[in-house]
Amino acid sequence: MGMDQEAPLVADLKRRDLAAVEALIATHGTRLLRSATLLCGNETNAQDLVQDTFVEALRSLHRFRGRSSLYTWLHSILLNLTRHSRRDSQRVVYDNDLAARESSASEEPPCALDLESAATELTRALQRLSEPHREVLVLRYFEHMKIPEMARHLGVSAGTVKSRLHYAIRDMQKLFPAEMNLFSAGGTKEKV
Amino acid sequence: MKCEHLQENLYDYLDDTLSPPEKAAAEEHLLACEFCRQTVQRELQLARTLSDRFSQAVESVALDANAQRGLAIAVQRSLQTSQQRFSFAFWPRLAMPIAAAAVLLLATIWLGHHVVSQSSSPSNAPSSLVVGDRVVPIHVSFSVTQYTFHKDGLLVVDALTRDTRSADGGLLVKK
């Protein structure tokens with residue numbers, strides 16, 4: 001949906017019209033939820049984050065100037081909420097033993113080299129990256145953003161985005177099980 | 001264009017955000033450089049793979065029609081609750097101070113008016129004075145109360161100040 005096409009929806013949303021809220025969620029809800037799941041690592045937290053994103057977006061809709069698409073604006077709110085949520089959960093729950101157990105469990109090689117486990121392992125590896133590295137990978141390879149758009153979205157320079165991407169991919173190559181062979185020239189062997 | 005220049009601008013080349021001369025230079029370099037061609041191919045392969053895997057990882061995550069409706073209602077309710085919380089928090093806090101200030105103001109106006117009319121009457125008194133009447137000097141002091149408030153974010157900052165004033169006069173006591 002183009003920015004011009006979004007203008008009537010934005011006007012209806014400013015009136016807090018329930019049908020408009022439903023239309024907004026129908027258009028962007030699933031994509032936002034998927035992105036949130038990749039960013040935070042689990043669907044339950046992602047649902048809460050998406051709900052908070054829509055609440056925050058409607059509350060601050062008067063600040064939406066239409067310079068970006070509605071989805072990009074929603075995603076920037078989601079990104080901020082995810083960062084805060086992670087920091088809050090890190091403050092409340094931190095268990096060294098649990099972290100060690102989870103770490104050793106995730107280092108075990110996967111049993112089946114099928115597409116589903118590759119995707120699961122990849123998502124798990126994503127959660128072990130630092131927040132800036134995880135963000136650039138999700139924005140680049142899930143949201144398909146170009147470098148200038150990522151830079152605006154993250155509030156950093158294009159050079160910083162490129163640097164983060166470089167190190168994020170390097171870290172993924174270290175974290176991702178070698179058996180998956182994901183980053184080799186041949187790619188993943190798919191189960192027939 | 002040199003190899004390191006192409007490596008630096010690899011994402012810009014793939015995103016097609018290079019200027020036309022830069023893009024032409026990059027393509028010319030790629031025709032001649034096997035190493036850079038492989039780098040471009042590797043990045044394209046990586047992008048396809050990561051993109052596919054991310055999509056596969058979350059393809060089962062979706063909001064069906066019921067979930068969308070439920071979310072819309074929850075969002076609306078959350079917005080209404082926050083508005084109500086704001087209005088409930090704001091007005092009851094103001095109601096009592098405003099009522100108290102109004103009562104004090106009315107009492108002050110009435111008292112002031114009463115004292116002034118009483119104090120002005122002795123000047124007219126001689127015409128109506130009869131033998132045996134007397135004027136008793138009186139001193140009245142009163143307070144003018146001022147209530148101010150302003151909103152600071154979600155907080156209401158209020159202040160109650162008192163300005164004490166006095167008036168002298170005489171009270172005519174008839175025989």
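**Close-ups of the A/B interface and of chain A**

**View 1. Salt bridges between chain B and chain A.** Across the interface of chain B and chain A, the rule picks up three salt bridges. Keep in mind throughout that this is a predicted model. Three helices of chain B each put at least two residues into the side that touches chain A: helix 2 (10-15), helix 4 (34-58) and helix 5 (65-128). Helix 4 of chain B gives the most to that side, with 13 residues. Sorted by type, the residues of the side of chain B that touches chain A come out as 16 nonpolar, twelve polar and seven charged.

**View 2. Zooming in on B:Asp15 and A:Arg140.** Here the side chains of B:Asp15 and A:Arg140 pair up in a salt bridge, at 2.8 Å from N to O.

View 3. Interface size is often quoted as the accessible area lost when the parts come together. For chain B and chain A, the two bury about 3,600 Å² between them, and 67% of that is on carbon and sulfur atoms. Look for B:Tyr11, B:Arg53 and B:Phe54 here: this trio supplies 20% of the area that chain B buries against chain A, more than any other three residues. As for who takes part in the contact, chain B brings 35 residues and chain A brings 43 residues.

**View 4. Helix 8 against helix 9 in chain A.** Helix 8 (residues 147-154) and helix 9 (residues 158-175) of chain A pack with their axes 8 Å apart, at an angle of about 100°. Angles of 65 to 115 degrees count as roughly perpendicular, so that is how helix 8 and helix 9 of chain A sit relative to each other. On the helix 8 side of chain A, the residues are A:Ile147, A:Met150, A:Ala151 and A:Leu154, and they meet A:Ala158, A:Val161, A:Lys162, A:Arg164 and A:Leu165 of helix 9. The residues of this contact split into seven nonpolar, no polar and two charged.

**View 5. A salt bridge within chain A.** A:Glu135 forms a salt bridge with A:Arg83, and their closest N and O atoms are 2.8 Å apart. Over all chains, a search of the whole structure turns up eleven salt bridges.

Definitions and conventions. Residues are numbered from 1 along each chain as its sequence is written. Chains are lettered from A and ligands numbered from 1 in the order in which they are written. This is a predicted model: local features need pLDDT of at least 70, side-chain atom pairs count only at pLDDT 80 or more; totals for chains, interfaces and linings use all residues. Side-chain values use heavy atoms; hydrogens and water are left out. Contact means heavy atoms within 4.5 Å. Buried area is the accessible area (1.4 Å probe) that two parts lose on being put together, summed over both. A salt bridge is a side-chain nitrogen of Lys or Arg within 4 Å of a carboxyl oxygen of Asp or Glu. Helices (H or I, at least four residues) and strands (E, at least two) are DSSP runs, numbered from the N terminus. Ala, Val, Leu, Ile, Met, Phe, Trp, Tyr, Cys and Pro count as nonpolar, Asp, Glu, Lys and Arg as charged, and the others, Gly among them, as polar. Axes are lines fitted to C-alpha atoms, for helices over the stretch in contact, and angles run from 0 to 180 degrees between N-to-C directions. Angles under 35 degrees count as roughly parallel, over 145 as roughly antiparallel, 65 to 115 as roughly perpendicular and the rest as oblique.
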